[in-house]
Amino acid sequence: EGLPGGWSAVAPVLGAMEEGGRVRRGPQVEGLDGQQVGLPGAVERLRSLRQAAPELAGAGREGAGVVALAAVDPAVPWGAVLPWPAPGGSAVPRRASGATVVLADGAPVLFVEAGGRALVSFAPASEPDLARRAVSVLSAHLGACGLRGLRVERVDGEPALQAAASAALEAAGMRRSAGELVLDPAL
C-alpha cells in the first residue's frame with residue numbers, strides 16, 4: 001500500500017519469489033482483504049497454531065494464553081493492521097507509547113492508556129475467568145516493569161466505579177479507592 005505503481009509494481013517480484021519458493025501466497029490471516037504473501041516458515045507456524053488449537057478459532061477462550069505487551073509492540077496487530085474489536089463502552093483505544101494491552105491468544109482483553117488513568121475492556125464483564133487472568137497478568141506486568149501500580153479513573157469512557165465492567169474488574173482483583181479502581185503490582 002502506498003507504493004508508487006501500487007500492487008502491479010510489486011506483483012511480478014513477489015510472483016518470482018513465490019516460484020522460487022521464497023514466499024507463499026494465499027489467505028493466511030482471516031479478515032484481511034487483498035493478496036497476502038508470507039515467508040514459508042511463518043505460514044507453517046500459523047497453520048500449526050490453527051491445527052494445534054482449533055477451539056481458538058472462535059469457540060471460546062477458556063484455555064487462552066494471556067500476555068501483557070506494550071500497545072506499540074510489533075506483536076500487537078490491533079490498531080495497526082487490524083481494527084480494534086468493539087470495546088465495552090464508548091472509549092476507543094489507540095496505539096501509543098506507554099499504553100499496554102493484555103491479550104488472550106492474540107485477542108485484546110484489556111487496554112490501559114499511557115499513564116494508567118483510563119482502561120478499555122473488551123471482555124471482562126462477560127467472561128469473569130478471563131478477566132481474572134487478565135488482571136493478574138497486568139499486575140505481574142506492572143511488577144516486572146517496576147511500576148507502582150495503576151489508579152484507573154475511567155473505564156470504557158465512564159467514571160471507573162460507574163462503568164459496567166467495574167464489578168467484573170473488582171472481582172478480578174482490582175480494588176476501590178476514592179472513586180478509582182486500583183491495581184497493585186505483583187511483587
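Six strands form an open sheet with mixed pairing, in the order β3-β4-β5-β6-β8-β9. Strands are DSSP runs of E of at least two residues, helices are runs of H or I of at least four, and both are numbered from the N terminus. Two strands count as paired if DSSP finds at least two bridges between them. This is a predicted model: local features need pLDDT of at least 70, side-chain atom pairs count only at pLDDT 80 or more, and totals for chains, interfaces and linings use all residues. Residues are numbered from 1 along each chain as its sequence is written, and side-chain values use heavy atoms, with hydrogens and water left out.

**Sheet edges and the helix**

- The edge strands are β3 (66-70) and β9 (158-159), and each pairs on one side only.
- Helix α3 (residues 128-144) packs on the sheet and touches β3, β4 (100-104) and β5 (107-112). Contact here means heavy atoms within 4.5 Å.
- The direction of α3 makes about 45° with that of β3. Axes are lines fitted to C-alpha atoms, for helices over the stretch in contact, and angles run from 0 to 180 degrees between N-to-C directions.
- Strand β8 (residues 154-155) pairs with β9 in the antiparallel sense over two bridges. V155 stands opposite E158 in β9.

- Strands of a sheet pair through backbone hydrogen bonds, either parallel or antiparallel.
- β3 and β4 are antiparallel, with five bridges. V66 has A104 of β4 as its bridge partner.
- β4 and β5 also pair in the antiparallel sense, over five bridges. A104 is bridged to A107 of β5, and T100 to V112 of β5.
- The β4-β5 hairpin has two residues between the strands, and D105 takes a positive phi near 50°.
- β5 and strand β6 (residues 118-121) run antiparallel and are joined by three bridges. L110 has S121 of β6 as its bridge partner.
- The β5-β6 hairpin has five residues between the strands, and G115 takes a positive phi near 95°.

**Burial**

- β4 is largely enclosed by the rest of the structure, because five of its five residues are buried. Buried means under 20% relative accessible area, exposed over 50%, and partly exposed in between (1.4 Å probe, protein chains only).
- T100, V102 and A104 point one way from β4, V101 and L103 point the other way, and all are buried.
- β5 is mostly covered, with five of its six residues buried.

**Second largest pocket**

- This pocket holds about 390 Å³ of space. A pocket is an open set of points on a 1 Å grid over the protein atoms alone, where a 1.4 Å probe fits, with protein on both sides within 12 Å along at least five of seven lines; lining residues have an atom within 4 Å of a point. Grid points are joined across faces, edges and corners, and volume is the space filled by probe spheres set on the points.
- The lining has 24 residues, and G115, L142, L147, G149 and L150 lie nearest the centre.
- β3, α3, β7 (150-152) and β11 (180-183) are the elements that give two or more residues to the lining. The largest share, three residues, comes from α3.
- The lining divides into twelve nonpolar, six polar and six charged residues. Ala, Val, Leu, Ile, Met, Phe, Trp, Tyr, Cys and Pro count as nonpolar, Asp, Glu, Lys and Arg as charged, and the others, Gly among them, as polar.
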